[in-house]
Amino acid sequence: MIISSPQEMFAFGKTLAGQYQKILLIGELGAGKTTFSKGFAAGLWIDPEQVQSPTYTYLHSYSRSHLTSGEQWDTSMDSNLLHIDMYRIENPQQLLELWLLEQIQQHNFILIEWPKFITEYSDKSWCSLEIQKSWDQERIIN
């Protein structure tokens, strides 16, 4: 799939929020992982302005925003979003030391950027997306 702009990446993330609960995001710096994450959060009724890459804190947990008049919750997606960045993880032991595996087990909706060492803990319910820079703002997603 080809994404031509940050707005399309946001919209793609929003669309996948209704289809997947657990996503591994693979891509170099600046590929659009955080923009995708903002869109995914928006698809879960979470304010996308709250979403930031958790590179230095390892993880962020986000809650739903308040609804505007007349809107209703989709109760099939009634959970918080866990957003993890494993860029600074140096070995599998850190997953245990930082309690990341326990956090993963406590959330229904999970995004993991730079998913190092996690593949042995993930199963077929996880969607893996590789985002490659192509041209200017264009991205290729596999």
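The buried residues of helix α2 (residues 33–43) are K33, F36, S37, G39, F40, A41, A42 and G43, where buried means under 20% relative accessible area, exposed means over 50%, and partly exposed lies in between, with a 1.4 Å probe and protein chains only. With eight of its eleven residues buried, α2 is mostly covered. This is a predicted model, in which local features need pLDDT of at least 70 and side-chain atom pairs count only at pLDDT 80 or more, while totals for chains, interfaces and linings use all residues. Residues are numbered from 1 along each chain as its sequence is written, and side-chain values use heavy atoms, with hydrogens and water left out.

**The chain as a whole**

- The chain holds four helices and seven strands; helices (H or I, at least four residues) and strands (E, at least two) are DSSP runs, numbered from the N terminus.
- Read from the N terminus on, the elements follow the order β-α-β-α-β-β-α-α-β-β-β.
- Of the 142 residues in the chain, 42% are buried.
- Among the contacts in the chain with a separation of 6 or more, 63% come from residues 24 or more positions apart, a contact being heavy atoms within 4.5 Å.

**The sheet**

- The seven strands form an open sheet in the order β1-β7-β6-β2-β5-β4-β3, with mixed pairing, and two strands are said to pair if DSSP finds at least two bridges between them.
- The edge strands of this sheet are β1 and β3 (59–62), each of which pairs on one side only.

- Strand β5 (residues 109–113) is mostly covered, since five of its five residues are buried.
- In a regular strand the side chains alternate between the two faces of the sheet.
- In β5, F109, L111 and E113 point one way and I110 and I112 point the other way, and all of these residues are buried.
- Strand β2 (residues 22–26) pairs with β5 in the parallel sense over four bridges, and within this pairing L24 stands opposite I112.
- Strand β4 (residues 81–85) also pairs with β5 in the parallel sense, over five bridges; here L81 stands opposite F109, and L82 has I110 as its bridge partner.

**Strand β7 and its neighbours**

- Strand β7 (residues 138–141) has a covered face, made up of R139 and I141, and an uncovered one, made up of E138 and I140.
- Strand β1 (residues 2–3) is joined to β7 by two bridges, and these strands run antiparallel, with R139 as the bridge partner of I3.
- Strand β6 is joined to β7 by four bridges, again in the antiparallel sense, and I141 is the bridge partner of I131.
- β6 and β7 form a hairpin with two residues between them, and D136 in the turn has a positive phi of about 45°.

**Helix α2 and its surroundings**

- The buried residues of α2 pack against α1, β2, β4, β5 and β6 (126–135).
- Helix α2 lies across β2, β4, β5 and β6, and runs at about 175° to β5; axes are lines fitted to C-alpha atoms, for helices over the stretch in contact, and angles run from 0 to 180 degrees between N-to-C directions.
- Just after α2, W45 takes a positive phi of about 65°.

**The packing of α1 and α2**

- Helix α1 (residues 6–17) packs with α2 at an angle of about 45°, and their axes are 6 Å apart.
- The two helices α1 and α2 are therefore oblique to each other, because angles under 35 degrees count as roughly parallel, over 145 as roughly antiparallel, 65 to 115 as roughly perpendicular and the rest as oblique.
- The contact is made by P6, M9, F10, F12, G13, K14, L16 and A17 of α1 together with T35, F36, K38, G39, F40, A42 and G43 of α2.
- These contact residues divide into nine nonpolar, four polar and two charged, where Ala, Val, Leu, Ile, Met, Phe, Trp, Tyr, Cys and Pro count as nonpolar, Asp, Glu, Lys and Arg as charged, and the others, Gly among them, as polar.

**Residue G13**

- G13 is found in helix α1, and it counts as buried because its relative accessibility is 0%.
- Leaving aside its neighbours within four places in sequence, G13 is in contact with F36, G39 and F40.
- G13 and A41 are 28 residues apart in sequence, and their C-alpha atoms are 7.9 Å apart in space.
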